[in-house]
Amino acid sequence: MGALKEVLYYMFHPNQLRAIIQWKVWHEPVYQRDPSKEAPTLQACFKFLNMTSRSFAAVIQELNHEMLIPIALFYLVLRGLDTIEDDMTIAASVKEPMLRDFYKVLKKDGWTFNGNGPDEKDRELLVHFDDVIAEMQKVKQNYFDIIEDITIKMGNGMADYAINAEFQAGVVTVAEYEKYCHYVAGLVGEGLTRLFVEGGYANPALLDRMELTESMGQFLQKVNIIRDVHEDFEDNRRFWPKDIWGKYVDKWEDLFEPKNRTKAVHCSSEMVLNALKHADECLFYMAGIKEQSVFNFIAIPQTMAIATLDLVFQNPKIFHSHLKITKGDACHLMTQSTQNLRLVCDVFRRYTRRIARKNDPRDPHYLEISMALGKIEQFIETLFPAQNVSQVKTLHAEKVNDSASSGDLWESLMLVVAVLFFLLLVSGLMLGAAWAMGARWDKILNMGTSSIEEAAKITAKITHGEL
């Protein structure tokens, strides 16, 4: 039944099918891992990577050979930490010290953990965590140190939240929301950036602009929190801050009541607005990546995030179902995201404009969202100014006309000056020649005056009779 439904879907959406086929047929990874050359423990690590990650497993396995294993292990270590933190069957008194000391197990040969609840989806990773530890001890020391440092920071942050009774009841302030996203995603971005710079695949200046790294993680995490609001509600978890949803309803569960759909959509708009502020800095960060496989690894999740933001914006379905972008859209995004920054900016511009078209003037955040979207477009314009053929032709024609007009004016002025100069020269030559031949201008002038006076005396004596 499911297969038939899928066939019917692609019959009526051929562009989706075409995008999938194009990705499957034409996509050529920059690098490919060779499982035949891997130790059994490393093969097991990649098996768990595929089990625990729906979105990152594929892009991690296309990284260059220097970054492939450190980043795969980095992901598995943090996933193990997250598996402990997410499991509500583990008592806080047990969970807190485990989270704070988790970095120590990276040096304990054979360490495993089978205390997760039976329904915890990633429990198998911790049951066989000794494979991860075995491979961690083989990586370069500088990479190990970075992974260990981030594990310490994240473990302490998660432990603080685990024992915080108020947090267990839900996030209250926007500051708490930002801090939580920092611990679960911002620190991941920090670790990845340090690994990239250490390997020589990113501009070292990124280490001096950690707000860019923070935005990369915050953007992904916030989009996921917005999209998963109904799923988290069913699991009795609340990550939307009360400072935001409290403006629209009195109780958290009221947000999911059909009668409050308009208020819920307005609330989600404010959450989207909060996420959009990171988008331009994500693009700025990607400009600092110097190697193609690393760029692909960074760009694909970001384009998926902006597409997901478009999907959830002004969409009341997020309050009663779980939404995700289609396979066809995902394949199309991956095709565009594995080329260069210009195409990634085009993706951001396209989805930014789609969000703008859906922006409702009746929404209380209409103007703020419009400004946030405009800021993203403006930033893209500074990186890659938009020009089309008609604009270029028009600009060229205007320049030609301006130059022609200024040229005609200059030529006219030169002609007038030349004529005046020629007339003055000829007049001067004629007068000079006459003077040289004996002409006396003073006598001619005096004579002319006396003749006039004599003529006046004669005419005065004449009497006029009748005519």
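The lining of the largest cavity comprises three nonpolar, two polar and one charged residues. This cavity belongs to a predicted model, in which a search of the whole structure finds one cavity of 30 Å³ or more. The protein has 22 helices and zero strands, and 45% of its 467 residues count as buried.

**Largest cavity**

- The volume of the largest cavity is about 40 Å³.
- Its lining is formed by V59, E62, S293, N296, F297 and I300.
- Helix α17 provides the largest share of this lining, namely four residues.

**Second largest pocket**

- The second largest pocket has a volume of about 180 Å³.
- The residues lining this pocket are A307, D310, L311, K324, I325, T326, D329, Y351 and R354.
- Two helices, α17 (292-312) and α19 (341-358), each contribute at least two residues to the pocket lining.
- Helix α17 gives the most to the lining of the second largest pocket, with three residues; α17 also supplies the largest share of the lining of the largest cavity.

- The structure contains zero disulfides.
- A disulfide, in general, is a covalent bond that joins the sulfur atoms of two cysteines.
- C267 has a relative accessible area of 0% and is therefore buried, the cut-off for this class being under 20%.
- C331 is likewise counted as buried, because its relative accessibility is 7%, which also falls under 20%.

**Overall fold and surface**

- The secondary structure elements of the protein are 22 helices, with zero strands.
- Among contacts with a separation of 6 or more, 74% are between residues 24 or more positions apart.
- The protein exposes about 25,800 Å², and carbon and sulfur atoms account for 58% of that area.
- Buried residues make up 45% of the 467 residues in the protein.

Conventions
Residues numbered from 1 in each chain as written. Predicted model: local features only at pLDDT ≥ 70, side-chain atom pairs only at ≥ 80, totals over all residues. Heavy atoms only, no water. 1 Å grid on protein atoms, 1.4 Å probe; cavity = no way out; pocket = protein on both sides within 12 Å on 5 of 7 lines; lining within 4 Å. Points joined across faces, edges and corners; volume = space filled by probe spheres on them. Disulfide = S-S within 2.5 Å. Buried < 20%, exposed > 50% of the residue type's maximum accessible area, 1.4 Å probe, protein only. Contact = heavy atoms within 4.5 Å. Areas by Shrake-Rupley, 256 points an atom, 1.4 Å probe, with all protein chains shown as cover. Nonpolar A, V, L, I, M, F, W, Y, C, P; charged D, E, K, R; others polar.
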